[in-house]
Amino acid sequence: MALLRPGCPEVRDDPDSELVDRLRAGDEDAFVALAGKYRTVMLSVALGYVPNRAVAEEVAQDAWVGVLRGIGRFEHRSTFRTWLIRIVINRAVSAAARERRSVPVNDMEPVINAARFDAAGTWQVPLEPWAEQVEDRLTAAKMATRIMSAIDQLPPRQKEVVTLRDVQGMSSVEVCAAFDISPANQRVLLHRARSWLRQVIESEFGGTR
Amino acid sequence: MIRLTIGSRRDLVCQQAVELVTDYLEGVLPRSQRRRFEAHLAGCPDCPEYLAQMRAIIALAGSITPDDLTPPMRSDLTSLYRRWQADDALDNPA
């Protein structure tokens with residue numbers, strides 16, 4: 001299976017290579033460290049496919065069994081986390097089939113309400129400036145909490161992409177490989193997610209939404 | 001505030017510029033598009049703030065740290081690992 005799409009640059013150093021080597025050597029602490037590090041991401045990805053958190057927890061457990069079975073054959077052709085997420089997706093798809101639930105994907109809503117612009121396409125009302133305010137530590141902590149709950153409300157695909165890219169700090173190459181989506185598709189999902197999150201925070205500062 | 005909308009078809013308007021922000025930040029805009037985007041920013045009273053807000057959103061999302069494992073989660077994982085090792089030893093006796 002080709003993990004890299006044509007046009008994607010090569011995967012750089014795997015941030016987990018040391019933990020992965022230790023896991024291979026049978027180090028229980030390395031397992032717990034990796035499981036802790038990727039818990040949130042795994043649940044978030046699984047929730048894109050299955051209906052509730054309980055099933056997502058089962059998927060994550062199931063995925064770890066798959067990781068333990070497969071780790072001896074893992075060849076570093078992708079980063080560990082890309083490989084892990086693909087396992088989660090596989091398990092989640094099977095679990096979703098068992099749960100017989102189709103996942104609605106609604107990515108068609110406009111990024112910003114057209115009513116915010118005048119006929120010439122210029123902002124009707126000047127933007128409330130707040131970008132600098134969120135550099136303040138207390139404000140940032142409060143807004144980060146708000147973003148966390150807003151991410152949870154995103155459509156599944158957008159939620160997965162923004163969680164992996166912006167929360168987890170994965171590269172676009174890794175995310176494309178994990179979900180087997182094109183770089184352009186990934187950017188559309190990321191753009192919609194970020195734009196919506198911006199509007200959520202804007203409304204926290206009293207701006208129009 | 002007086003806003004000038006210059007009538008050239010090659011100039012971006014705000015509504016178009018906001019749709020290009022992610023491609024701009026990802027560094028994938030073709031050079032000509034990037035120039036138009038930056039030219040719009042240079043002359044627009046609002047879109048630089050919009051771009052700064054999108055950057056702030058990315059920074060905020062990046063500041064979220066995954067929840068630490070609670071002791072029960074930790075012991076669940078440890079027992080999963082030990083169970084697997086025991087099964088593995090049964091499947092592949094030395």
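The centres of domain 1 and domain 2 of chain A, taken over C-alpha atoms, are 26 Å apart. Domain 1 covers residues 17-99 and domain 2 covers residues 114-204; such bounds come from an automatic or database domain assignment. This is a predicted model, in which local features need pLDDT of at least 70 and side-chain atom pairs count only at pLDDT 80 or more, while totals for chains, interfaces and linings use all residues. Residues are numbered from 1 along each chain as its sequence is written, and chains are lettered from A and ligands numbered from 1 in the order in which they are written.

Two residues are in contact if their C-beta atoms, placed from the backbone, lie within 7 Å. Helices here are DSSP runs of H or I with at least four residues, strands are runs of E with at least two, and both are numbered from the N terminus. Nonpolar means Ala, Val, Leu, Ile, Met, Phe, Trp, Tyr, Cys and Pro; charged means Asp, Glu, Lys and Arg; the others, Gly among them, are polar.

Now helix α2(A). How far apart are the end C-alpha atoms of this helix? They are 27 Å apart, which agrees with the 28 Å that its 20 residues, 28-47, should span at 1.5 Å a residue. The expected span is 1.5 Å times one less than the number of residues. The helix also bends by about 50° at A:Tyr38, the bend being the angle between axes fitted to the seven residues ending there and the seven starting there. A:Tyr38 is one of the buried residues of α2(A), which also include A:Phe31, A:Leu34 and A:Val41. Buried means that 20 or more other C-beta atoms lie within 10 Å of the residue's own; exposed means 12 or fewer, and partly exposed is in between, with C-beta atoms placed from the backbone.

Two methionines next. A:Met143 sits in helix α5 (residues 137-152) of chain A. A:Met143 is buried because 25 other C-beta atoms lie within 10 Å. Leaving out residues up to four places away in sequence, A:Met143 touches A:Val134, A:Ile201, A:Glu204 and B:Leu60. Its C-alpha atom is 28 Å from that of A:Val173, 30 residues apart along the chain.

A:Met170 is in the loop between α6 (156-167) and α7 (172-179) of chain A. Is A:Met170 buried or exposed? A:Met170 is buried, since 21 other C-beta atoms lie within 10 Å. A:Thr82 is 88 residues from A:Met170 in sequence, yet 9.0 Å away in space, C-alpha to C-alpha.

Last, chain B. Chain B has four helices and zero strands, and 21% of its 94 residues count as buried. Its contact with chain A takes 35 residues from chain B and 42 residues from chain A. On the chain B side, α1 (14-25), α3 (47-62) and α4 (71-91) give two or more residues each. The largest share, eleven residues, comes from α3(B). The chain B side divides into 19 nonpolar, eight polar and eight charged residues.
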